[in-house]
Amino acid sequence: MVSSFEDVELIIKAHTRSGWKQPLSRNRALGKLSNVQFAGDEIHSAHLLNWSDAVIDLATSVSFEAVKVGKPVLAADYLHASRSTVAAYMPECEIRCRDEIYHHIEGFLERGCETFYDKKNRERFLTEIIDGPSPEVLPRYLSLLEGLAGGHLQSEIQ
């Protein structure tokens, strides 16, 4: 359905954890469509996110980066048995049926992607899920690791 939009190029990326493969990658008819490609393991998800205008997500944390930079994430929760964090925090992202994906893509093509998010929902997501008390996450993480290593080293010495 997504590939039926002339101005859309669809890249499908298999789940990065080994052992689970995207069944769509075995669909030979999809592979013959000029605007559908399959990204291999050699293409990192971050590169695809940088290239993309919007993301269809199946409850992976990879989509958090798209939210952070303001690219729309369509959380296709109707395709799996759980609720994605993105949809839980930002109901505007939750996709409950194919029609909703169609209407969102149609809207992106007509109006662009800039006004997709509810500002308050996105800010809450960024604060509670991504940044925590401040956007400077790395120094806090480093401090945590140093504290854990220091505590471990202390117990080794005793």
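Predicted model: local features only at pLDDT ≥ 70, side-chain atom pairs only at ≥ 80, totals over all residues.
Me: Why is the pair of F5 and Y102 called tilted?
Reply: The count of aromatic pairs comes to 5. In the pair of F5 and Y102, the ring centres are 4.8 Å apart and the planes stand at 40°. Planes under 30 degrees apart count as stacked and over 60 as edge-to-face, so 40° makes the pair tilted.

Me: What parts does this pair tie together?
Reply: F5 lies in the segment before β1 and Y102 in helix α5 (residues 98-111), so the pair ties together parts that are 97 residues apart in sequence.

Me: Why is F5 called buried?
Reply: Its relative accessible area is 9%. Buried means under 20%, so F5 is buried. Y102, at 31%, is partly exposed.

Me: What makes the pair of F108 and F116 edge-to-face?
Reply: Their planes are at 70°, with the ring centres 5.7 Å apart. Since planes over 60 degrees apart count as edge-to-face, this pair gets that label. F108 is buried at 15% relative accessible area, and F116 is buried at 12%.

Me: Why does Y141 count as partly exposed?
Reply: Its relative accessible area is 46%. Exposed means over 50% and buried under 20%, so Y141 falls in between.

Me: How do you know which side chains of strand β1 are buried?
Reply: Along β1 (residues 10-13) the side chains alternate.

Notes: Residues numbered from 1 in each chain as written. Heavy atoms only, no water. Buried < 20%, exposed > 50% of the residue type's maximum accessible area, 1.4 Å probe, protein only. Helix = DSSP H or I, 4+ residues; strand = E, 2+ residues; numbered from the N terminus. Phe/Tyr/Trp six-rings, centres within 6.5 Å; stacked < 30°, edge-to-face > 60°.
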